[in-house]
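Here is a short tour for someone meeting a protein fold up close. Please take a look at the sequence and the structure before reading on.

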Amino acid sequence: MKVYIFSTGSEITNGRSVDTNSIWIANELSGLGFVVEKIIVLPDKPELIREEIARLIGKDEKKIILMSGGLGATEDDYTLQVACEVLQTESVEYPPALERLAEIAKMRGMEFAKILPFTQRQARYPKNATVLHNHIGIAPGFYAQLSENSGFAAFPGVPSEMKKMFTDEFLPLFLQDKQRSDYTTLIRYIWVIGEAIFQQRFIQEYRELTDKTEWGVTAKPGYIKVTFRSDDADVLQEIDRKLQASFHSVVADDVLAVFPQILQEKQLSIATAESCTGGLIAKLFTDIPGSSAYFYGSVVSYHNDIKQHALGVKQDTLEKYGAVSEETAGEMVTGLVDSFSVDYGISVTGIAGPGGATETKKVGLVYIGVQAKGKPAIVKKFNLPLRRELFRDYVAHLAIFLLYQKILEDTEQA
């Protein structure tokens, strides 16, 4: 199956916005073993969108077209219109989206009947298509067959809406349609290892095994997701054994999925003290429903005064070693665990850039501290020369993994 990704929006073709959706979708699919044939960026011109879709439909190949953008309420949103024309059908209302529109109208003091028709069109989808529910915004996506060999899926252009819809709504349907019943899938998450290193150290090293599978790698902040599919369960079991032997403690399940369950089952409490991540670790935890059962709170301590007064970092420590140091990270997490009276704490302090570096402390330097109540802090140093946004994301996920590792080790020793 060949995959074509369309991203629509004149703001992209005019250079006013950057297309991140296509790269994200391609990365996700490559991790599942699918190869993206082409990424196409199109302006908000329905005739061009129709022309590209028609050209691809005419190709004698199994394919799916994935399109992001053009499902909103403005006059330059044409995806629904073009899809209905290509599918030779009409659009129909999606009640949950209309209900959300009505709620928004009520919040703004408006009557739903006064909402303009072009605003209401974002609550429609092509008749007979499968609706992809929008859990964040309003406009639903959809998944349909263009022909016997051609599928089509449309997502909103807003990245947060697209990612949630793609992961929760589209992928289960798509994989159910395409997954051979006799295939078994192995998925593992490997931390602090990049795609290139993994391919060199594992894929190439064990070609006699990996060549018997369909495999893919998805890059994530701080880790990679590796997928192997095969009709031979014994091959997958051997690959799993090799993975565990090659990467030891950095091989894990989906930490962000299983960690909250562990914390709740063991009735553990945690808190975070964050400098360079600005509260992102706390956000990752609290994005998960039910996190109030184990997550107590966070101190975002950018300024040294906050490190001193809220976390108990000594002034002598800051003056002698600096805010970005092993010593400061250790005192941050110790002060956090003591003041919040939690079972475990995380601290991070680093240089996200682009400024703040010195001759001895470069951009990308970070110290991550983890501590259990009544035990000494463990601080690890990393050098991650990444752009600011990616650095913060990487550090936040890595800190959670280090805490996950620590709790598993303590559990095994208990």
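The notes below go through a sheet, a strand inside it, some helices and some aromatic rings.

This is a predicted model, in which local features need pLDDT of at least 70 and side-chain atom pairs count only at pLDDT 80 or more, while totals for chains, interfaces and linings use all residues. Residues are numbered from 1 along each chain as its sequence is written, and side-chain values use heavy atoms, with hydrogens and water left out.

**The sheet**

- Six strands make an open sheet with mixed pairing, in the order β2-β1-β3-β8-β7-β6. Strands are DSSP runs of E with at least two residues, helices are runs of H or I with at least four, and both are numbered from the N terminus. Two strands pair if DSSP finds at least two bridges between them.
- The edges belong to β2 (36–42) and β6 (130–132), each with a single partner strand, so one side of each has no neighbour in the sheet.
- From one strand to the next, the twist averages 15°.
- Helix α2 (residues 21–30) packs on this sheet, where it touches β1 (2–8), β2 and β3. The direction of α2 makes about 160° with that of β1; axes are lines fitted to C-alpha atoms, for helices over the stretch in contact, and angles run from 0 to 180 degrees between N-to-C directions.
- β6 pairs with β7 in the antiparallel sense over 3 bridges, and Leu 132 has Gly 141 in β7 as its bridge partner.

**Strand β8 and its neighbours**

- Which strand pairs with β8 in the parallel sense? That is β3 (residues 63–68), over 6 bridges; Leu 66 has Ala 153 of β8 as its bridge partner.
- Strand β7 (residues 141–145) runs antiparallel to β8, joined to it by 4 bridges.
- β7 and β8 form a hairpin, with 4 residues between them.
- In β8 (residues 150–155), 6 of the 6 residues are buried, so this strand is largely enclosed by the rest of the structure. Buried means under 20% relative accessible area, exposed over 50% and partly exposed in between, with a 1.4 Å probe and protein chains only.
- In a regular strand the side chains alternate between the two faces of the sheet. On one side of β8, Ser 150, Phe 152 and Ala 154 are buried, and on the other Gly 151, Ala 153 and Phe 155 are buried too.

**Helices**

- Helix α13 (residues 304–311) packs against helix α15 (residues 326–340) at an angle of about 40°, with the axes 9 Å apart.
- α13 and α15 are therefore oblique to each other (under 35 degrees is roughly parallel, over 145 roughly antiparallel, 65 to 115 roughly perpendicular, and the rest oblique).
- Their contact (heavy atoms within 4.5 Å) includes Lys 307 and Leu 311 of α13, and Glu 331 and Met 332 of α15.
- Helix α4 (residues 79–87) has Thr 79, Leu 80, Val 82, Ala 83 and Cys 84 as its buried residues.

**Aromatic rings**

- The whole structure has 22 aromatic pairs. Rings of Phe, Tyr and Trp (its six-membered ring) pair if their centres lie within 6.5 Å; planes under 30 degrees apart are stacked, over 60 edge-to-face, and the rest tilted.
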